[in-house]
Amino acid sequence: MIAPTGMGKTVLAKRVLNYRESRHAYICVMATKPVDEELSELERRRYMRVKDNKIWTAASYPRLLLWPDAGSFDNLSEQRKRFRSALQGMWKAGKWTVHLNELRYLTDNLGLKREINTLYLQARSSKMSLIGETQRPRSVPLEAFSQSSHVFFGPCRDDEDLKRISGIGNANPKIVRIVVQGLERYQFAYVNAVTGNVVVTKTQPFTLAKAS
Ligand SMILES: Nc1ncnc2c1ncn2[C@@H]1O[C@H](COP(=O)(O)OP(=O)(O)O)[C@@H](O)[C@H]1O
Ligand SMILES: [Mg+2]
């Protein structure tokens, strides 16, 4: 999911999680921000909010909202430690679905680029599913593009960003660019990297959007 803040990435990601939930997948949502209303809402969908988790085998609670304290520089090393050990645990156990929110914060601010790149490259062999949210396509590790089967682009007018998003799997770069340039708020272009299909969709919040 690639779009500026407030454009509905998390709402969309939660729709995708619905599919994983219906297949009884083990899901871990990594929350990086101090406050995120859309992620808090997951608690009403039987996700357990925890600051840390140690068990990643089948004995683990299957819907985790991993949310270490955030919002202060003092929290950075703790966040890094918790997320790193979670990624490690899930990779070892296999079959987990991970929602990385947000990708750039994890790779750059917490210095987990190497770990996340490795997961993108190896996920398939350990049957993991990775869902990443990010604001700019330029700041995403290349692997997140090249290894993803499904990509959702929100509205984008920036030339450099548009260049970066053109080369997704078998999709026609010109079509992707034109479609993405014409998107409105809460609209996303879904690109199937395998078939090359491009479809425009719109987010549908689970709760009514709050006037903020
Ligand atoms: N189609 C929509 N109509 C109205 N509000 C929406 C729609 N999609 C998302 N929202 C609201 O917009 C806000 C931002 O959505 P969110 O998914 O958190 O964005 P992002 O993850 O891109 O920052 C949330 O309050 C969400 O409920
Ligand atoms: Mg979000």
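## Close-up views of a predicted model

View 1. Lys95 sits in the loop between α3 and β4. Its phi is positive, about 70°, although Lys95 is not a glycine. Most residues other than glycine have a negative phi. Gly94, which follows α3, also has a positive phi, near 75°.

**View 2. His24, in the loop between α1 and β1.** Helix α1 covers 9–22, and His24 lies in the loop between α1 and β1. His24 is not a glycine, yet its phi is positive, about 60°. His24 counts as exposed, with 8 C-beta neighbours inside 10 Å.

**View 3. The cis peptide bond from Asn101 to Glu102.** Omega is near 0° for this bond. Glu102 is placed in the loop between β4 and α4. Most peptide bonds are trans.

**View 4. Helix α3, residues 76–93.** The helix has 18 residues. From first C-alpha to last it reaches 26 Å, close to the 26 Å expected at 1.5 Å a residue. Its buried residues are Gln79, Arg82, Phe83, Ala86, Leu87 and Met90. Seen down the axis of α3, they fall within an arc of 130°, so they line one face of the helix. Ser77 and Lys92 are exposed on the other side. The cover over the buried residues includes strands β1, β3 (63–66) and β4 (96–101). Helices α4 (103–109) and α5 (113–122) are also part of that cover.

**View 5. The largest nonpolar core, 56 residues****.** Cys28, Val29, Met30, Leu65, Leu66, Val98 and Phe153 have the most contacts inside this core. Strand β1 (residues 26–31) gives the core its largest share, six residues. Which residues does Cys28 touch, leaving aside its neighbours within four places in sequence? Cys28 is in contact with Leu64, Leu66, Ala86, Met90, Trp96 and Val98. Two of these, Ala86 and Met90, are among the buried residues of α3.

**View 6. An open sheet of three strands.** The order is β6-β7-β8, and the pairing is antiparallel. Strands β6 (150–153) and β8 (198–202) are the edges, each pairing on one side only. The twist averages 30° from one strand to the next. Four bridges join β6 to β7 (residues 187–192). Phe152 stands opposite Tyr190 in β7.

Methods
Residues are numbered from 1 along each chain as its sequence is written. Chains are lettered from A and ligands numbered from 1 in the order in which they are written. This is a predicted model: local features need pLDDT of at least 70, side-chain atom pairs count only at pLDDT 80 or more; totals for chains, interfaces and linings use all residues. Two strands pair if DSSP finds at least two bridges between them. Helices (H or I, at least four residues) and strands (E, at least two) are DSSP runs, numbered from the N terminus. Axes are lines fitted to C-alpha atoms, for helices over the stretch in contact, and angles run from 0 to 180 degrees between N-to-C directions. A nonpolar core is a set of buried Ala, Val, Leu, Ile, Met, Phe, Trp, Tyr and Cys residues joined through C-beta atoms within 7 Å. A residue is buried if 20 or more other C-beta atoms lie within 10 Å of its own, exposed if 12 or fewer, and partly exposed in between; C-beta atoms are placed from the backbone. Two residues are in contact if their C-beta atoms, placed from the backbone, lie within 7 Å. The expected span of a helix is 1.5 Å times one less than its number of residues. The arc is that of the directions from the helix axis to the C-beta atoms.
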